[in-house]
Amino acid sequence: MRTYKVFQQQAVSSGDFKIVPIRHEDRELIRIWRNEQMYHLRQSEPLSKENQDRYFEEVVAELFQEERPSQLLFSFLKDSECIGYGGLVHINWIDSHAEISFIMATDLEANYFAHHWKVFLGLIEQVAFVHLELHKLFTYAYEIRENLFPVLLEAGFKHEATLKSHTFFNNSFIDVLIHTKFNMHLTLRLATPADVDITYAWLNDAQVRKYSFSQDFISFESHQAWFMQRLNSEKTLYYIAMIDNEAVGSFRADKNDNEAVVSFLLSPKYHGRGLGLFLLAQGIKAISSAWPKREIVGYVKAENGASASLFRKLNFSESADSGGATLKFTLRA
């Protein structure tokens with residue numbers, strides 16, 4: 001599999017679905033789909049096999065050699081079968097934004113488009129926001145693609161603009177809709193003694209404690225003693241996650257032989273916003289910088305599917321204890 005220089009992880013997955021750098025073997029399928037769906041593409045005439053081969057040899061091949069390519073294209077796979085393709089196009093590395101492009105197998109459009117489009121959006125957001133740390137994503141779509149827009153809104157994109165009568169289509173002018181989403185730019189700072197109160201409030205919240213390994217109520221005095229011990233330990237990295245000037249969660253790593261055992265949480269106010277992946281990804285970077293060449297390990301209750309999913313998305317290997325109640329996730333930093 002060819003790899004992009006600018007994107008180290010290459011494959012990003014979610015369940016049975018995965019995006020990988022666009023595969024040469026998928027070029028004929030893509031050509032067929034594009035010719036079948038010219039009605040919504042910025043493509044004026046059918047693609048010949050010769051033109052498609054030339055495009056892959058002269059344009060696509062170069063993308064893998066460039067430090068800052070103008071586009072990053074991916075094959076969209078389900079169980080290793082290509083069912084679509086898309087990526088980040090018109091990438092502006094200076095202004096840190098890109099357009100999302102996507103089409104899927106024509107025979108799947110009628111019954112499965114919304115689901116597959118939602119999955120693809122989640123995967124391409126990981127590439128753009130978590131790995132490349134772009135500032136903004138946007139879509140540029142003809143008004144006739146009505147099935148695109150509800151999924152975009154559900155995924156947190158905003159309808160930014162309508163370009164009235166912008167494109168000539170079927171002997172009339174039609175609108176183009178632009179939807180955008182901004183990276184929330186979650187960052188980490190070192191925890192300080194002043195964070196004892198907010199971390200205590202997070203720890204004892206019912207939503208947080210639900211999946212904690214200890215269900216017992218924690219007194220403030222006990223937390224304060226533990227908190228200060230962690231801050232002063234050379235074997236602990238303790239960070240507070242920030243969005244702008246607001247603390248939104250914490251990330252901790254404890255050094256244990258050749259392992260860094262991680263623990264993280266989000267403020268209940270920020271649950272359900274997809275920030276967990278950003279928090280874990282930033283924490284991994286911090287560990288890799290402070291403690292290089294160390295295995296990163298996370299332990300999760302088996303019923304905590306949301307946290308387990310985050311580790312899986314970042315390609316941790318997975319195992320379970322003998323009873324299956326606790327999952328262990330491991331990654332080489």
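In this predicted model, one aromatic cluster is formed by Phe17, Phe76, Phe102, Phe113, Trp117 and Phe120. A search of the whole structure finds 19 aromatic pairs. One of them joins Phe102 and Trp117. The ring centres of Phe102 and Trp117 lie 5.3 Å apart, and their planes meet at 20°. This angle is under the 30 degrees cut-off, so the pair of Phe102 and Trp117 is stacked.

Strand β5 (residues 97-104) runs antiparallel to β4 and is joined to it by seven bridges. Within this pairing, Asn92 has His97 of β5 as its bridge partner. The hairpin of β4 and β5 has four residues between the strands. Ser96 in this hairpin adopts a positive phi near 60°.

Strand β4 also pairs with β3 (residues 72-78). Seven bridges connect β3 and β4, again in antiparallel orientation. Ser75 is bridged to Tyr85 in β4. Two residues separate β3 from β4 in their hairpin. Asp79, in the turn, has a positive phi of about 50°. Strand β4 spans residues 81-92, and nine of its twelve residues are buried. The strand is therefore largely enclosed by the rest of the structure.

A charge also sits over an aromatic ring. The charged end of Arg68 lies over the ring of Trp93, at 4.9 Å from the ring centre.

How values were computed:
Residues are numbered from 1 along each chain as its sequence is written. This is a predicted model: local features need pLDDT of at least 70, side-chain atom pairs count only at pLDDT 80 or more; totals for chains, interfaces and linings use all residues. Side-chain values use heavy atoms; hydrogens and water are left out. Buried means under 20% relative accessible area, exposed over 50%, partly exposed in between (1.4 Å probe, protein chains only). Two strands pair if DSSP finds at least two bridges between them. Rings of Phe, Tyr and Trp (its six-membered ring) pair if their centres lie within 6.5 Å; planes under 30 degrees apart count as stacked, over 60 as edge-to-face and the rest as tilted. A charge sits over a ring if NZ of Lys or CZ of Arg is within 6 Å of the ring centre and within 35 degrees of the ring normal.
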